[in-house]
Amino acid sequence: MLQLLLAAPRSGSGKTTVTCALLAALAARGLHPCAFKSGPDYIDPMFHRAVLGVESHNLDLFFSRSGTVRALYAQGAAGHGAAVVEGAMGYYDGLGGVSDTASAWQLADTLGLPVLLVVRPKGASLTLAAELRGLMAFRTAHHIAGILLNDCTENLYNLLKSMLEKETGLPVVGHLPPLPDAAVESRHLGLKTAGEIADLQRKIAILSDAAQENLDWTLLERLFDRPAPAAAPRTEPPVRVRIAVAQDAAFCFIYAETLEILQENGAELCFFSPLADAALPEKIGGLYLPGGYPELHAARLAANAPMRTAIKAAVESGLPTVAECGGFLYLGQTLADAEGTPHPMVGVLPGAGFRVGRLVRFGYAALTAHADSMIFRTGETYPVHEFHHWDSTANGADCTAAKANGRQWDCCFANAHLYAGFPHLYWAGTPLPQRFADAACRYNEGKI
């Protein structure tokens, strides 16, 4: 089975573009690939899914213990002929930017995966070899098995290939030329989402053709062939409760593992759109409002008064509800759009959402619960992640979030039927999904 982790010396090297090119080419060659993302990123897996038509999974060694990560990788890779893991940031960049914890390197080390290093050779030639040798010497084992030159002309590739192989001892497996017609636009939380790019499939076809033409596939298969990981069979028990899950352009930040683990705890997932639907799905025992871009759709969310009214009534009646980041903002009183105009939201929480213009409390943190609630127990601590340019005038005070550098703040609303706050939770390998599903079952039983 062809297996690799695709990494780079730094952000901006084109990892997502190369990952999509490689996945599309592997699919075209009949290898039925699957994809993973190192770290908490929501957007890159959307592109993987757009290429493959199946879910991409996150693997994060801050969120999960190594055994959980290995199990998630094995389950996701089962039945596939190739697996590509896209790294995050620079190869060794991990927790706080000053540690290799939760870095792409630590993930490769944990999974025993060989690494294909993406290098964009702009403004350097022989110095690239020195940089690569430094990366190889920095940790033992370094796991780097090959180099791919990205955004590199054929002439430059022909110039660099033999030199880099001689100076580093690493094989160069090929290159991707400059592909302006396959570029993807960015905005305040990174790349635009896959669903917003009208000609994405055309771009993917360009990337696939370029990868098939310019990579040494015989060498790739020789360097990255590994025995397939052994996976425990995935089981889905009988459905015991229906949980409504918001999913549209405004609410699109959902970990595939979270949805899968809810199903493994007896939940039937009922997807709906707060932008387009007038009512919640019927006969539900729980509601999940994930993150996304509600600020970019604030006017449309406000205009859908029937949905706002339905959600307000449901939450106020005690419907077990989880609302993360964008979902949390949606439950507030108002939400300002990108121009600063406030729009009415659901109105069950006291805060008003407003634009800050920069990342707020960005990154990993540890979330500690002050008291028992629907999904937390007093004193429990869970790894979380924040990633938002908007803030709220009322963030709650039922938990405390703390960063590794000692900074901490109170946040979140957590009671017997609600979790709402900016921190994104990661549910796999935790008791949270069972507690949420159990609360949803109890709610339904109380209605009978």
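Me: If buried means under 20% relative accessible area and exposed means over 50%, is Phe 63 in this predicted model buried or exposed?
Reply: The coordinates belong to a predicted model. Phe 63 has a relative accessible area of 7%, and the cut-off for a buried residue is under 20%, so Phe 63 counts as buried.

Me: How many residues apart in sequence are the parts that Tyr 42 and Phe 253 tie together?
Reply: The count of aromatic pairs comes to 21. In the pair of Tyr 42 and Phe 253 the ring centres are 5.0 Å apart and the planes stand at 5°, so these two rings are stacked. Because Tyr 42 sits in the loop between strand S2 and helix H2, while Phe 253 sits in the loop between strand S10 and helix H9, their pair ties together parts whose separation in sequence, in residues, is 211.

Me: Are Tyr 42 and Phe 253 buried or exposed, and how many residues apart in sequence are the parts tied together by Phe 63 and Tyr 426?
Reply: Both Tyr 42 and Phe 253 are buried. The rings of Phe 63 and Tyr 426 are stacked, because their centres lie 5.0 Å apart and their planes are at 10°. Phe 63 belongs to the loop between strand S3 and helix H3, and Tyr 426 to the loop between strand S24 and helix H13, so the separation in sequence of the parts they tie together, in residues, is 363.

Me: How many disulfides does the structure hold?
Reply: A disulfide requires two cysteine sulfur atoms within 2.5 Å. The sulfur of Cys 152 has its closest cysteine sulfur, in Cys 20, at 20 Å, which is too far for a bond. Cys 399 is in no disulfide either, with the nearest cysteine sulfur, that of Cys 412, 4.5 Å away. For the structure the number of disulfides is zero.

Me: Which strands are the edge strands of the open sheet of seven strands?
Reply: This open sheet shows parallel pairing, and its strands follow the order S3-S2-S4-S1-S5-S6-S7. Each edge strand pairs on one side only, and these edge strands are S3 and S7.

Me: What angle does the direction of H3 make with that of S2?
Reply: Strands S2 and S4 run parallel and are joined by five bridges, and Ala 35 stands opposite Val 84 in S4. Helix H3 packs on the sheet, where it touches S1, S2, S3 and S4, and the angle between its direction and that of S2 is about 155°.

Terms used. Residues numbered from 1 in each chain as written. Predicted model: local features only at pLDDT ≥ 70, side-chain atom pairs only at ≥ 80, totals over all residues. Heavy atoms only, no water. Phe/Tyr/Trp six-rings, centres within 6.5 Å; stacked < 30°, edge-to-face > 60°. Helix = DSSP H or I, 4+ residues; strand = E, 2+ residues; numbered from the N terminus. Buried < 20%, exposed > 50% of the residue type's maximum accessible area, 1.4 Å probe, protein only. Pairing = 2+ DSSP bridges. Contact = heavy atoms within 4.5 Å. Axes fitted to C-alpha atoms, helices over the stretch in contact; angles between N-to-C directions.
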